[in-house]
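Hi everyone, thanks for making time this morning. Let me put the model up, and then we can walk through it together.

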Amino acid sequence: MAKSLEVEHSKKAFGWAAKDTSGHLSPFQFSRRATGEKDVTFKILYCGICHSDLHMAKNEWGMSTYPLVPGHEIVGVVTEVGSKVQKFRVGDKVGVGCMVGACNSCDSCANELENYCPDMILTYGVKYFDGTITQGGYSDIMVADEHYVVRIPDNLPLDSGAPLLCAGITVYSPLRYYGLDKPGMHVGVVGLGGLGHVAVKFAKAMGVKVTVISTSVNKKKEALEHLGADSFLVSKDQDEMQAAQGTLDGIIDTVSAMHPLLPLIGLLKSQGKLIMVGAPEKPLELPVFPLLMGRKLVGGSCIGSMKETQEMIDFAAKHNITADIEVIPIDYVNTAMERLVKADVRYRFVIDIANTLKSSS
């Protein structure tokens, strides 16, 4: 009986979805669950476009379920809260990032590391506890358990703050966890895209000296003058790379394309750390000898826990850190995806959901 009531009270939602592996998005009506006792329902105002959205829309990772509404950099304003919700009230500014659920019983969950739960439930494209498929933020409303909702401080702009829920936490978490956040340290950031540009901003706010490492000399002025990096290395320039050998305490590698690790390991001081946050589709070659000779470490990091994500958003608000964005209407989303493939965005697209998503009903 309860189940039929829940269906009866489910909420009509409207968004844009991919219907097949072409990845082309088009208007789509669907249902959100009714607001449960621990749920927060909010009106979506903005949603960032992440590279994952493109991979998932085209099923390039082999895990997509259609129709698929992408989007996991979601911000808006609370419209309804469940009877047992304690942290949020109607009218609060909130966000949802890459996950909306976890098992709550494994070691990772017990240690407040839901992002490493083997049964972590992604914000879109996977099965939720009730058997429905989760749908993301390219839509008008969101319903999520309050544990997976982040409070957005009043002074953080919602549009340029949205990408921090994925790109921001993806670089903030490893800077903190691997101890690359100490003032006076020297950290490299490989790749100056959606992740890289916010990595520079967070590291600088932590008091760290930052060197940007890129294949493109064209990004030098942007890195130094606009983003405030201290130095810039062209990774293809062997003389530059040789001169910088053994100078970095750590490196955050944001690149998702195939690239050699040996030159990066060479930039590290002894006991330096190379942390991978990009996800190349094929395995990279890992030279072991240079790791042994410097007691160097290659590690990884995937988004962050809910506790870390709230900490990251609060830190961003305190230090005025936002993503550099291009705001677009929803009907531009397919063009934006084409431009994303070509890396033709500086540095994150954000969809103006509130002003441009018009229900077809």
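Helix α6 is mostly covered: 10 of its 12 residues are buried, where buried means under 20% relative accessible area with a 1.4 Å probe and protein chains only. Helices here are DSSP runs of H or I with at least four residues, strands are runs of E with at least two, and both are numbered from the N terminus.

Before I go on, a word on the source: this is a predicted model, so local features need pLDDT of at least 70 and side-chain atom pairs count only at pLDDT 80 or more, while totals for chains, interfaces and linings use all residues. Residues are numbered from 1 along each chain as its sequence is written, and side-chain values use heavy atoms, with hydrogens and water left out.

Back to α6. Among its buried residues are G194, H197, K201 and F202. What covers them? The cover includes α5, β10, β11, α11 and β17, with contact meaning heavy atoms within 4.5 Å. Just after the helix, G207 has a positive phi of about 90 degrees.

Now the sheet. Six strands make an open, parallel sheet in the order β12-β11-β10-β13-β14-β15, and two strands pair if DSSP finds at least two bridges between them. At the edges sit β12 and β15, each pairing on one side only. From one strand to the next, the twist averages 20 degrees. Helix α6 packs on this sheet, touching β10 and β11, and its direction makes about 165 degrees with that of β11. For these angles, axes are lines fitted to C-alpha atoms, for helices over the stretch in contact, and the angles run from 0 to 180 degrees between N-to-C directions.

Strands β10 and β13 pair over four bridges in the parallel sense, and V190 has D253 as its bridge partner in β13.

That brings me to T254, in the loop between β13 and α9. Is T254 buried or exposed? It is buried, at a relative accessible area of 10%. A polar atom of its side chain lies 2.6 Å from the backbone oxygen of V190, and the side chain also reaches the backbone oxygen of G191 at 3.4 Å. Leaving aside neighbours within four places in sequence, T254 contacts include L195 and G196, both of which are buried residues of α6.

Methods. Buried means under 20% relative accessible area, exposed over 50%, partly exposed in between (1.4 Å probe, protein chains only). A polar contact is a pair of N or O atoms within 3.5 Å; within protein, one must be able to donate a hydrogen and the other to accept it, and residues adjacent in sequence count only if both atoms are side-chain atoms.
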